[in-house]
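Visitor: I am new to this structure and would like to be guided through it slowly, one question at a time.

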Amino acid sequence: MEKIIIDTEQFQRIISRISHQIIEKHGDLQDVVIVGIKRRGAEIAELIQKRIEDLVKIQLPNMALDITFYRDDLDLIYQDPVFTGAENQLNLNNKKVILVDDVLFTGRTIRAALDALLDFGRAARIELVILVDRGHRELPIRADYVGKNIPTAKNEQIQVKTFSYDGINQVVLVPATDKEST
């Protein structure tokens with residue numbers, strides 16, 4: 001039985017808070033681009049982009065990044081991987097990149113994304129936005145902007161649901177089943 005830990009209203013408040021933090025930190029937003037990790041990270045990046053535009057009337061460049069072939073566990077999780085590439089490809093040379101993903105767990109997805117970003121140029125700076133940080137890091141990765149810290153057991157799951165994929169913006173905790181906890 002899944003438990004809602006971030007409802008739709010909280011989800012929108014988190015998007016708004018992170019957007020305000022980015023504006024406050026970067027001021028004029030010159031040379032700032034948003035890069036979302038496909039799938040749900042890219043949708044969250046679009047929500048942040050739209051909220052920033054609502055607040056300051058500036059539309060930041062946005063790119064959706066597929067990290068499939070940069071993963072170190074590709075052979076473990078994909079039988080027939082499908083690479084969709086980057087949407088709205090940007091030159092990242094000397095840009096301030098805001099990298100967005102849904103859940104930070106071991107840090108391996110972010111490591112793969114950092115490798116993938118190098119294919120688009122040498123950014124001046126890369127900052128990380130995470131909707132949910134659940135702990136259990138295997139790599140020294142830390143987010144600059146965190147929606148919510150949710151300590152979990154390793155065998156629990158955090159599922160971020162977004163409107164395009166799930167018809168709703170919310171985050172749920174899926175507890176470990178008895179079979180998983182043994």
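Guide: Before we begin, helices here are DSSP runs of H or I with at least four residues, and strands are runs of E with at least two. Please keep in mind that this is a predicted model.

Visitor: What pattern does the chain follow when read along the sequence?
Guide: The chain has five helices and eight strands. Read along the sequence, these elements follow the pattern β-α-β-α-β-α-β-α-β-β-β-α-β.

Visitor: What distance does helix α1 reach from its first C-alpha to its last?
Guide: Helix α1 covers residues 8–26, which is 19 residues. At 1.5 Å a residue the expected span is 27 Å, and the helix comes close to that, reaching 27 Å.

Visitor: Which residue follows α1?
Guide: At the start of the helix, a side-chain oxygen of D7 comes to within 3.2 Å of the backbone nitrogen of E9. Along α1 the buried residues include F11, I14 and I15, and H26 is also one of them. Beyond the helix comes a residue whose phi is positive, near 60°, and that residue is G27.

Visitor: Is A176 buried or partly exposed, and why?
Guide: A176 lies in the segment after β8, the strand at 170–174. Leaving aside neighbours within four places in sequence, A176 is in contact with N155 and E156, and its C-alpha atom is separated by 8.8 Å from that of K154, 22 residues apart along the chain. Because buried means under 20% relative accessible area and exposed means over 50%, a value of 27% makes A176 partly exposed.

Visitor: Among contacts between residues at least 6 apart in sequence, what percentage join residues at least 24 apart?
Guide: Of the 182 residues in the chain, buried residues make up 46%. Turning to contacts between residues at least 6 apart in sequence, the share that joins residues at least 24 apart is 69%.

How values were computed
Residues are numbered from 1 along each chain as its sequence is written. This is a predicted model: local features need pLDDT of at least 70, side-chain atom pairs count only at pLDDT 80 or more; totals for chains, interfaces and linings use all residues. Side-chain values use heavy atoms; hydrogens and water are left out. The expected span of a helix is 1.5 Å times one less than its number of residues. Buried means under 20% relative accessible area, exposed over 50%, partly exposed in between (1.4 Å probe, protein chains only). A polar contact is a pair of N or O atoms within 3.5 Å; within protein, one must be able to donate a hydrogen and the other to accept it, and residues adjacent in sequence count only if both atoms are side-chain atoms. Contact means heavy atoms within 4.5 Å.
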